[in-house]
Amino acid sequence: MDDTETDDDPAARARAFREYMAERFPEMRPISSAPPMFLLNGFGTACYGARGRDPETGTYVKTLVLAGLFLPVLCLRAYRVAPSPDGGWYFLGRVPLSGLARLWNLLVLAGVLTALSVGAWSSHTSTPAYKAGEALAAGRAAEARGDVRAAVRHYAWLAGTARRAEGRAGIAALLAARAGDAPLEDLAAALRELPGSGFQGREALDDAALDALARRALAAAADDPRGGLALAAALRAVDEVTALGLREPLLEALVAREPDVEAASELAALYEGRGQGERAVALLRPLADRLGASDGARLLGQALAAEGDVDAAHRLLLPWLDARLAALHEAEAALRRALEQGQEAALQVLRSGGAGQAWYARYDSVGPAEQERQVVEFVHGRLQRDPAVLQARERLTAASDAVPVALELGRDKLQRAHALEGQARTDELLAAERLFLAVRGVAEGSPSFALGLAQVHYWLGRPDEGRALLDDLLEEERAPAILLGVAHTLREVGDHSACAALVEEAYEAAEDEATRYEAASFRSILALDMEERLVWLQRCDPAQPEVQSNLAQAQGIKALQRGEHAAAAEQLRRAADLLAKRPETATTLNNRALVLQRLFEAAGDAADHEASVDLLRRAERLEQGASIVKVNLAYVLLGQVALKVAREGGLDLGALRAAPDLDHLDWLHADADGEARLRAACRRGPDLDEALARLSALRVLAPKDTSHYALALDALGAGEDLEAHGALLRALEAAGPLDQEGAAADLRRLLAPPSADDVDGARRRLAALEARRLPADATPVTRAVRLGDLVSARLGLHALGERIDLDAAVAAAEEAHALAPSRGSSGSLVHALLTRALARAAAGAPTLAAAAERVGRSLSTAGVVCAALAGPDEAARAALATDADVQRAAALVAARAAALPRSVSTMDWALVQAVDPAAADALARALARDEVGRARRAIRLRLRPVWPAEALAAAWERAAAGDAEGARAALADAARRGVPLPFAP
């Protein structure tokens with residue numbers, strides 16, 4: 001500085017300082033103000049660093065940077081600064097950026113450019129078009145190097161892109177080209193890539209590729225059947241039919257090469273499914289000792305049991321069953337857990353507001369009952385779609401194949417036990433008990449265990465023990481839940497007599513509405529007539545879909561009973577639709593099947609009846625031990641037999657709106673040859689055998705229930721199997737006293753004077769029948785059956801005390817017999833003739849009128865006439881024996897007996913013996929030869945011991961055999977037992 005300038009001149013001093021600094025730092029440029037600096041949350045501009053320190057002036061260089069999170073990102077400018085005593089700096093001038101700073105800026109710029117380039121490239125390479133191109137190129141490269149699996153994987157990826165067609169073509173061409181030479185495992189692995197891609201089934205393979213792969217799999221049978229099976233298994237996801245067709249020859253080749261148990265079991269199952277049971281058994285028999293718990297053990301064991309080799313069968317079935325029962329119990333528990341978790345998850349959705357605004361708005365606008373129904377519907381809807389529940393139910397259905405085997409094995413052991421003595425018998429019964437208990441899946445020490453064990457006692461032929469166990473349970477506690485549980489058990493084994501009282505007690509004792517609703521619903525099922533059922537249904541929760549469907553069903557059935565088929569169909573369809581929306585359980589499937597059966601009567605569509613069979617089969621798979629489901633399934637299977645055979649014979653039951661019944665088949669034959677053909681037609685197909693198998697099982701499951709024994713008797717009527725009739729009679733005798741409450745209630749109703757509702761309903765049915773028109777192309781036999789229905793409806797109205805034109809009824813029966821002469825038309829005409837004869841004779845014979853009044857409607861008019869002709873009242877016999885209608889009816893019966901000697905009844909003999917003794921002798925001889933008929937009459941008498949028709953049949957059987965004293969004794973015994981008879985014995 002210049003010392004000549006004074007210290008008192010600030011301007012001079014500042015000018016001198018600038019000149020000094022410019023001279024000392026020539027690269028520095030003057031600035032007008034300090035640079036802007038600010039930071040917000042670490043972002044902005046700030047000065048960093050300290051370089052170029054000058055000891056003489058105490059200055060240094062700081063760099064102004066663009067900062068991010070307080071870290072320098074880009075160097076902007078450099079300034080020489082002097083520190084301020086108060087903090088901060090005096091900015092003296094701007095200086096060039098250092099080389100390092102410039103390098104840093106270049107690096108940042110390069111990084112930004114690189115990032116932009118990479119981003120642009122990445123954006124380009126992430127486009128579907130680019131990726132598709134790469135996948136196609138990768139597929140071709142893999143194909144070129146022989147990697148079939150990788151090539152198919154890349155081509156399959158193209159399924160979701162615009163180049164889908166190229167991917168499909170690449171797969172088809174590659175597999176067609178390499179099917180003949182690529183390793184089998186590579187081909188199988190390549191096919192396994194397809195199910196997860198967007199190509200479904202055959203879409204990825206053309207016929208050439210599929211044929212080439214199928215040929216390669218078959219060719220492997222000669223040297224590598226396992227590899228061929230692996231390829232066939234992989235093909236299954238592409239074309240199941242082709243894959244399944246390959247398995248049989250490959251399994252045969254594998255089994256021929258080595259004794260593989262799993263392969264033999266699968267092959268045997270294929271044979272069995274095709275109806276080649278003998279071939280399956282021949283395949284498995286040499287492997288019997290090695291089958292273990294495989295499905296082959298089950299198949300061979302059941303076959304050996306059918307052959308009567310029970311010991312060998314049990315040795316095979318028990319290991320298989322042990323493994324399956326464990327899986328069954330685990331599946332049951334898994335389903336319970338899935339339902340509980342699914343229900344809680346659904347409720348949590350509701351609690352968290354996840355049901356949607358409309359749902360909550362509706363919920364807030366209705367009352368408590370409707371709110372509860374809305375919640376139940378929401379939860380059920382979620383459960384129907386819940387993957388865990390669906391998976392658990394499928395698993396339980398798959399595991400349920402153990403149940404019929406366990407029940408069959410248990411029944412075998414019961415039958416074996418009956419032939420044993422002492423400890424051996426006890427051991428066999430206990431083994432059967434363990435099997436039944438395993439199926440029941442109950443827990444010892446709980447009420448459910450007591451209920452289950454009681455049911456097993458019934459199954460084991462110890463009903464007193466079972467009932468005592470239930471009585472003990474009721475002595476300990478008569479809470480509504482226990483009362484209902486006991487009632488359910490009694491109903492399940494067919495002992496209905498005490499059920500209604502227990503359920504009514506539960507209804508009265510229930511303190512909460514839900515239990516009362518449950519009891520009312522159960523009581524409605526036990527009702528003996530539709531009026532009683534409607535009373536109890538109206539006490540159920542009207543908001544519940546089950547109740548709504550039951551009410552619709554009941555109203556539909558009432559409409560059917562009145563002959564109002566259109567109204568019945570409407571109500572029944574509503575009931576079916578409501579049930580179809582419920583979760584699939586054995587109960588809902590069973591109930592829906594019952595509705596569809598009645599819908600067939602209302603609308604005449606055979607598809608409804610066939611669908612009911614499918615529903616009941618599904619219900620049975622879900623609950624194999626349910627006796628109610630089994631008896632219903634047996635009933636509809638017999639209905640299917642009737643429908644199919646009737647259709648073959650030209651009888652349209654749908655047009656008649658008639659419940660299919662084996663009795664309809666009587667209208668399809670008139671002689672022994674026709675009867676034989678009809679019975680053969682009934683035995684064609686599996687329906688009759690399936691029905692009989694379930695009815696046989698019910699003898700153990702529900703030994704006290706008369707319904708399945710009666711149904712079995714109907715089913716056995718389709719054949720002449722004396723041994724089967726004998727087995728049914730022995731089962732009835734072993735069952736002891738049966739539950740006769742339903743039969744007794746029916747008898748009381750028929751003995752009482754008819755009600756106004758009875759008469760009104762009969763009138764409505766007749767009017768509806770008269771109004772209904774058959775199709776113009778209806779067959780003669782269909783028209784004949786319709787006339788027979790009209791005759792039956794008119795005679796039914798006559799039995800209720802209504803005046804009808806009996807001449808017109810006889811004329812209609814004659815027309816039916818002329819249209820299609822048959823056993824059925826003959827029976828209809830005989831009934832009409834005898835009804836007219838009785839009406840005419842009773843007008844002048846008070847004893848006949850009194851006899852008819854004494855039995856009410858429990859005995860047909862034909863039965864009253866025959867009782868009079870074979871009875872002790874000379875005046876009544878004389879009044880009828882010379883009647884022209886009686887003589888004509890007797891001639892018809894004698895002619896029918898000559899044409900159908902195996903179908904003679906004791907009533908036929910009772911009618912003919914008073915008119916034509918010579919013809920009666922022929923009938924008596926036919927009765928003596930007919931062992932099946934004798935067994936059937938004995939079965940009927942055990943099923944309905946207090947009904948006059950059965951008591952009279954037993955007496956007439958003895959009289960026809962010449963045992964007049966025995967006949968009188970039988971009638972006297974019946975009278976002592978309270979059987980209402982038309983004439984005193």
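This report describes side-chain contacts, surface patches and one backbone angle in the structure above.

The model is predicted: local features need pLDDT of at least 70 and side-chain atom pairs count only at pLDDT 80 or more, while totals for chains, interfaces and linings use all residues. Residues are numbered from 1 along each chain as its sequence is written, and side-chain values use heavy atoms, with hydrogens and water left out.

Helices are DSSP runs (H or I) of at least four residues and strands are DSSP runs (E) of at least two, numbered from the N terminus. A residue is called buried under 20% relative accessible area, exposed over 50%, and partly exposed in between (1.4 Å probe, protein chains only).

## Salt bridges

A salt bridge is a side-chain nitrogen of Lys or Arg within 4 Å of a carboxyl oxygen of Asp or Glu. By this rule, the structure has 48 salt bridges. The table lists three of them.

| Pair | Closest N to O |
|---|---|
| Glu 193 and Arg 149 | 2.9 Å |
| Arg 598 and Glu 601 | 2.9 Å |

Glu 193 and Arg 149 form a salt bridge. This pair links distant parts of the chain, 44 residues apart: Glu 193 is in the loop between α6 (184-191) and α7 (207-219), and Arg 149 is in helix α4 (residues 148-157). Glu 193 has a relative accessible area of 17%, so it is buried. Arg 149 is partly exposed at 41%.

Arg 598 and Glu 601 both belong to helix α27 (residues 586-603); because they are 3 residues apart there, about one helical turn separates them. Arg 598 is partly exposed, with a relative accessible area of 25%, whereas Glu 601 is buried at 14%.

Arg 836 is buried, with a relative accessible area of 17%, and Asp 885 is buried at 6%. Elsewhere, salt bridges that share partners join Arg 617, Glu 620, Lys 630, Lys 644, Asp 687, Glu 690 and Arg 694 into one network.

## Aromatic pairs

Rings of Phe, Tyr and Trp (its six-membered ring) pair if their centres lie within 6.5 Å; a pair is stacked if the planes are under 30 degrees apart, edge-to-face if over 60, and tilted otherwise. The structure contains 6 aromatic pairs. In one of them, the rings of Trp 359 and Tyr 363 have centres 5.3 Å apart and planes at 15°, so this pair is stacked. Both residues lie in helix α14 (residues 357-364), 4 residues apart, which is about one turn of the helix. Trp 359 is buried at 16% relative accessibility, and Tyr 363 is partly exposed at 25%.

Tyr 507 and Trp 536 make an edge-to-face pair, with 5.3 Å between the centres and 85° between the planes. The pair links distant parts of the chain: Tyr 507 is in helix α22 (residues 499-509) and Trp 536 is in helix α24 (residues 530-537), 29 residues apart. Tyr 507 is buried at 15% relative accessibility, and Trp 536 is buried at 8%.

Trp 359 and Tyr 363 also belong to one aromatic cluster with Tyr 360 and Phe 378.

## Surface patches

Patches are made of residues with over 30% relative accessible area and no salt bridge; like charges are joined within 9 Å, and nonpolar side chains (Val, Leu, Ile, Met, Phe, Trp, Tyr) within 5 Å. Accessible areas come from the Shrake-Rupley method with a 1.4 Å probe, and for residues only the protein chains shown count as cover. Lys and Arg count as positive, Asp and Glu as negative, and His and the chain ends are not counted. The place of a charge is NZ of Lys, CZ of Arg, CG of Asp or CD of Glu.

A patch of negative charge on the surface consists of Glu 372, Glu 511, Asp 512 and Glu 513. Glu 513 lies in helix α23 (residues 513-526) and is partly exposed, with a relative accessible area of 45%.

A nonpolar surface patch of about 550 Å² is made by Leu 100, Leu 103, Trp 104, Leu 106 and Leu 107. Trp 104 is in helix α2 (residues 99-125) and is partly exposed at 39%.

## A backbone angle

Most residues other than glycine have a negative phi. Arg 657 has a positive phi, near 55°. Arg 657 is in the loop between α30 (653-656) and α31 (672-683), and is partly exposed at 29% relative accessibility.
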